[in-house]
Each structure stands twice: as C-alpha cells, then as structure tokens.
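Here is a short note to read alongside the structure. Keep the view open and find each element as its point comes up.

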Amino acid sequence: MILDVLTSAAGPMLERSRPLPICVSGEVSIPGTMSIPLFPNIRWEYLLVQTNSGFSVAENYYPSSSSAIMELRRISGFTWEQLTRLFGVTRRSLHFWASGKPISAANEEHLQHLLATVRSVDRGDAGENRSLLLGALPDGMIPFDLLVAKEYDKVLERLGPGTVRARPRVTMLSNYARTFRTPRRPNEMVGALQDSVHIQKGRLLSATAIRTKRRE
Amino acid sequence: MSQLDKDSADVQRIDNALAEWRQGDIALGEHWFTHVADPSKALTVESGQAKGELQSITSEVEGLVVLTQSCDIVRSCVKRPFLEVAPLVKVATLSLKQIERGLRPAYALVPATADAALVADLDRVMTVEKAVAVDWKRTQGCRTDAEIHAFAQALTRKRARFAFPDDFTQLASALQAYLQEKHDKLTKEGSALRALREIRVRAAPSWDASKIELFFWFIRDETDLERKPWDSLLEAWLKLMPIGDHFTYINGMVVLLEDLTAKDYVESDPLDLDHLSGHDI
C-alpha cells in the first residue's frame, strides 16, 4: 500500500517542492519529526522522499530489521560470524532475520542500538570501521566486546563521532534505463537450451585447400 | 601487394566507410560465411560436400552481423584491422521467442531482422579485414539503448557464462525444476518467484575446493507491496538443496540489490544453468 502523508503542520498549503514522505505500508516518519504509526504490526521498508527531481530514500530513517542488519553489516564491515557473536545466534538465524523472519523485541532493540552506534562512529570506510571496532583501546577495552555487552554509550564515548563525508547526490536512473539493466529473470536463466535450431541452408559455395606446415 | 600505408587514401576510405558501423549492425547483402573444416571428418552438411583434408569452407548464409565492439569498429583500420562477424540464420517462430527470452544463449536476437526471424548464430564467428566490409550495405541492427545493451549482453553471456561443476548442477536441479514449474503459477510461490530479479551463488573458499560452502543471494525487486513471506519461502528453497560431502554448508538470503555490497556481488555468480532436459543435447 502506498500512502501520501502530510503532517498537520504542513496542511493543505504544503508546496509541491517540499519533501513529501511516502511509505510502503507500516509506519511513516518524517525526518526531524515524530513517527506516525499507521499499521503497528507491519514493518515498513522504505521511506521515499519526493522532490522536484524524483524520489530518494530519506536520510536518518529508522529501518526495518532486514535492512538494519544489512546496513549494520555494510557499515561495520563485520563478517557474518562476527555479527552472530553480537547477537548470540547462528548464521542461519541472522540470514533469516535479514530475509524477513520476525525478530524478538529484545533482539530488535539490540539491533537498532547497534546500528545507531556504528552509524555514529562511522569513519566512512567499512574496513576502517571494522579495525576500529575490533581493535583494543588504550584502556584495554575492545569496542566489539562492549557492543556484545550492550554498552553502546561506552563505545560512543571512547570512539567519538564519525567523520563520514557526505555521499554526492546521484540522480536515480530512469525506469527505462533500470529496466534494460535488469538481468534476465531467474526462471529464464536456469532454462538455457543448447540444441541447434536454425534452418540449415546446407549449400556449399566453395572449398579451398589450406596448406599448412605442422611443426613436430 | 604490400600492406597499405597508414596515411594512404585507401586507409582513409576504409575508416570513413566503417565510421557509421556499430556492434549489432548487419550486412544483409552478404550471403557467405567461411570456416575451416576437415572434409575427411565432416561435421556439417557443408563440409560434407567438400573433399580432401583441411579446407576453407564458404557456405551460404542469410547475411552477416557485426560482433566487434563499436569502439573497435570505428578505431582506425591501421590499429584495428579486423572485424568479427557472425552469420544470420533463420529460425522458427517458437525458437525466435525463446531467443528473445534469453533461453538460447547460442543465438542473439537482432531486432532489425526479428520480423524476418533472422538471428545471429553465435556458435560461428568469422574474422574479416575491415577493407572487406567497405562495400557492405549497412543496416542498423539495434535501434535503442535497450536493444544495444541486450545484444551486448547476449554476446557476453555466450562467452562469459560460468560453467558450474557438474555436482553443483545436480544439486541445484531441484531448485531449477521448482523455478521452472512454479514461476508462472498464480500461487504465492509463483508470485514470489516472479518478484525475484536475480539469483546469485557464492562458493567459498572456491569452486574447486574439496569442501565448499554455498551461499545463495535471492535478489528481489524493490517493490513488494503484497508483503511476501520471504523467510518461509527461503526456507523452502534451501531445503531443495541438501548438504553433502562436497557442499558442506548451504545457506542464503532474500535481499534487495542495495543490501548487497559490491564485494558480495563480484564474489558471486549468476545462477545460469542449462535446461534440465537439455544437458545432453
């Protein structure tokens, strides 16, 4: 379900050029304002902001568990094994969470805290972040262990804010360009037929002997 | 005769003649194609009509299609003297549809000749010097970005298609059968399969290791307005591929393209397999 939502503050006078949040089912939040729960039992996945030049994903949004896990992995640079140690679950569990399997409230809370923490200390490079989070601090503490212990504030305090450079804005590809860049559908990719099906003309126009010298 | 001087008028004439040609363009007036064969061990109807041992066999075809990349076509013939061409061949309507859907990687659709059911036979490639093409009548083969891209993709797939190990092909056969059987059904499985844009598989530490961990990326479309039960579907798909002595760990995830890192993408291969009944054809 796609919903266009206007805040009460904006009202009917909202200009079209102002970011207009649109969500795909669930809960809407407008950056800098409170969240609006629409369907409390349904997790939303996208918060798109419409601007004069099209749509973009809103910044600083509160993501679903699936995308939070993937973002945590992407920013932290942690391996799946390291991520499992953060939650005390198997790799398989983590993969299923990321594929949409419901996650317990406690793990959800831990996940969102972890994500908020790594976002805050993000140095803009997954490898650097991983080294930072796995390395021993002067006081002997290891940020990773603090994250496991849910001591998020201590990680923030010790590592300080990140220094991420803003990514340059990129215009979304047109639907046409995205469509022809989409690979062939999986069912077509697993059904390749290799027999020869063209109509053989079978007509020889000429044959010329080739003389070759073979090296022994 | 000696090689043309790079500043000669002939070189200029060849370069000018080729300046408009692009990959996928066709020469409908050229009905010949040459390959090398040994008629004493003939493998084709045409070489069976010749005699002797090693022969340059020229046979009749419906036309030629240029496979060389556009930038190499227009590069001076002094630096790039060759063109690669494939023969245009006629196919039945059903085969044409299959080629259009990418089900026959040995052929490439040429949009300009699709109405005449003429396609590029990628199994055969002939190299000609650019001077040979100077008098060819050019017909534009692909007209839009999408057509140009699709033709280039067909060439890439023909040459760069990853050859999965036989036991992997065997392992994946149940998933493959499931995909082919359920895809068009009006069921939740069919709907979910139609919402997948790509399946990729990663083998660690490598495909030639004695024990391999497999990871499947089921990449879904961005829009999932019906909220499909991806986790239970994933579980069902993974159950189709039991672990064994060689593939000791099999797992996967349903993700969006933006969830994958570039590393995930380059470390995996698209699941591109022959039709189950087509292995021995």
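This is a predicted model: local features need pLDDT of at least 70, side-chain atom pairs count only at pLDDT 80 or more; totals for chains, interfaces and linings use all residues.

1. The contact between chains. On the chain B side, 61 residues are in contact with 43 residues of chain A. The element of chain B that gives the most to this side is strand β3 (residues 55-60), with 6 residues. Sorted by class, the side of chain B that touches chain A has 29 nonpolar, 18 polar and 14 charged residues.

2. Strand β7 (residues 204-209) of chain A pairs with β3(B) in the antiparallel sense, over 5 bridges.

3. Helix α4 of chain B. Which residues of this helix (residues 93-100) are buried? They are B:Ser95, B:Leu96 and B:Ile99. Seen down the axis of α4(B), the buried residues fall within an arc of 105°, so they line one face of the helix. An α-helix has 3.6 residues a turn, so residues three or four places apart point the same way. On the other side of α4(B), B:Thr93 and B:Leu94 are exposed.

4. Surroundings of α4(B). The buried residues of this helix pack against β6 (107-109) and β7 (118-121) of chain B. Just after the helix comes B:Gly102, which takes a positive phi of about 80°.

5. Helix α5 of chain A. In this helix (residues 126-134), the buried residues are A:Asn129, A:Leu132 and A:Leu133. They fall within an arc of 90° when seen down the axis of α5(A), so they line one face of the helix. A:Gly127 and A:Ser131 are exposed on the other side of α5(A). What covers the buried residues? The cover includes four helices of chain A: α1 (65-76), α4 (105-121), α6 (143-148) and α7 (152-159).

6. A sheet in chain B. Here 4 strands form an open sheet with mixed pairing, in the order β11-β10-β9-β12. Its edge strands are β11 (247-256) and β12 (269-270) of chain B, each of which pairs on one side only.

7. The β9 and β12 pair. Within chain B, strand β9 (residues 196-204) runs antiparallel to β12(B), and 2 bridges join them.

Key. Residues are numbered from 1 along each chain as its sequence is written. Chains are lettered from A and ligands numbered from 1 in the order in which they are written. Two residues are in contact if their C-beta atoms, placed from the backbone, lie within 7 Å. Ala, Val, Leu, Ile, Met, Phe, Trp, Tyr, Cys and Pro count as nonpolar, Asp, Glu, Lys and Arg as charged, and the others, Gly among them, as polar. Two strands pair if DSSP finds at least two bridges between them. A residue is buried if 20 or more other C-beta atoms lie within 10 Å of its own, exposed if 12 or fewer, and partly exposed in between; C-beta atoms are placed from the backbone. The arc is that of the directions from the helix axis to the C-beta atoms.
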